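Biologist: Hi! Could you walk me through this one?

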Amino acid sequence: MPIAILDQDKSTVDILSDLIGEMGQVPHPFTSKDKFLGAIDPKPHGIAIISDDFTDVIEGTKQVYPTIEIVAIGEGSGGDCLRVGASHYLKKPFKANEIKEILTALLHAPRKQEPFANGAFITEDAGMKKILEIIHRVAPTQAPVFIQGESGTGKEVIARHLHRHSKRCAGPYVGINLAAIPDTLLESELFGYDKGAFTGAYATRMGKFELANGGTILLDEISEISLGLQAKLLRVLQEKQIDRVGSSSTISVDFRVVATTNRVIEEEIRDGRFRNDLYFRLNVIPIRVPPLRARRGDIVPLSLHFIEKIARRENMEKKLLTQEAKDALRDYSWPGNVRELENVIERSMILTEGAEIAPEYIMFGMDMPAAPEAAPAAGTTIHAMEKNLIFSTLDRVDGNRTKAATMLGISIRTLRNKLNEYTSEGQFSDGV
Ligand SMILES: Nc1ncnc2c1ncn2[C@@H]1O[C@H](COP(=O)(O)OP(=O)(O)O)[C@@H](O)[C@H]1O
Ligand SMILES: [Mg+2]
């Protein structure tokens, strides 16, 4: 198995390369951070040895490829390296045996599954097949792709599929959900920061654009960002250069951009919430993913796929779908789309004891907000009702704000503002 090595010091890299060769493995030596980042890939590289001069690389690699085991080496205490994701730290000078022992242990440990290894794209629908055809045709190009569709329709699956079929497939695939990160943090997440840029910036950190160098960046739920950040993004897309927060120099990056939204972007533009010029930049190849209820032919094939997936995951027998169950699945409206279908199948697989999925365990609507249980008492203010609804929805989704906002039909931004409002009322000071 190739083992990547990154250290500025060429003699360290040479020694490690020899050791790895002696172990019958293939060394991939790097002394430059950029070359390393351009080449690192979880398929060949299960293990990387990285010097503590590059804690930012350790952190970035671990974020993008959680399955790669990182052995850090250096002269310090190693605390930083372990904190950002290295599994081992060896202090220089170390003995050949010490590093060999660690590598042997890692080589014999069962390899972790890529969390997203399941790349199957299931469809029987003619419209979706057309979309796949377009994806395959544009994959080898540099053209930005803009994917619109309701929540849970498979936008991220399509983005990943595009990357896999692109010439950049050996490069990184970096996704960022712009709705899930508070505005104040987004800029440093996207563009990185230099040491000392602000209190707490104790080390230089790469942003998502830098991490995506040589690969693809997915800007998920792009319609949720502020107009100010939209302007900054536009500049990055035009110039392919970024400025880390607190840095005076610009860095050139080579990325392909894919963006998604679950809103009707034309409305966002019309109402002045989304910049037209940014939209034109992103929308070179527009893809519209239809909701599941508009492609009912996909419901059964997807259900069978999820039955297999869950059976494999839980190490249980696959279960059959009766005709009755298939009809029920086909007739439902699927407001939560494929994601909801996956949940419904998972639940029914786990609850059913027999070999056939029992229709009574196919429970719809649990992933969507319930109708209000009782008419609210007169005298309740709209404000109080709204607050109640927001908190009960957050409860249902274990505090996942993206999900809650989708269910409530409001933007994550609005949800955030409302929560801030409640917090400043002083009634929810426990950090909801
Ligand atoms: N065509 C498909 N084939 C297999 N799984 C799918 C497909 N479409 C969606 N999924 C699954 O449904 C869930 C939601 O898909 P995702 O791409 O995250 O949706 P979106 O980004 O549009 O909200 C994921 O677990 C994904 O794996
Ligand atoms: Mg998504």
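Modeller: Helix 3 (residues 55-64) gives the most to the lining of the second largest cavity, with three residues; helices here are DSSP runs of H or I with at least four residues, numbered from the N terminus. This is a predicted model, where local features need pLDDT of at least 70 and side-chain atom pairs pLDDT 80 or more, while totals for chains, interfaces and linings use all residues. Residues are numbered from 1 along each chain as written, chains are lettered from A and ligands numbered from 1 in written order, and side-chain values use heavy atoms, without hydrogens and water.

Biologist: Which residues line the second largest cavity?

Modeller: Leu37, Ile40, Gly60, Thr61, Val64, Tyr65, Pro172 and Leu211. A cavity is a set of points on a 1 Å grid over the protein atoms alone where a 1.4 Å probe fits but cannot get out, and lining residues have an atom within 4 Å of a point.

Biologist: And what is its volume?

Modeller: About 60 Å³, the space filled by probe spheres set on the points, which are joined across faces, edges and corners.

Biologist: Switching to ligand 1, which residues come nearest?

Modeller: Ile122, Gly152, Lys155, Arg339 and Glu342, out of 17 around ligand 1, each with a heavy atom within 4 Å.

Biologist: Where does ligand 1 lie relative to the domains?

Modeller: Domain 2 (126-288) and domain 3 (292-361) both give residues to the shell, so ligand 1 lies between them. The bounds come from an automatic or database domain assignment.

Biologist: Which helices supply at least two shell residues each?

Modeller: Helix 7 (155-164), helix 13 (299-314) and helix 15 (337-351).

Definitions and conventions. 1 Å grid on protein atoms, 1.4 Å probe; cavity = no way out; pocket = protein on both sides within 12 Å on 5 of 7 lines; lining within 4 Å.
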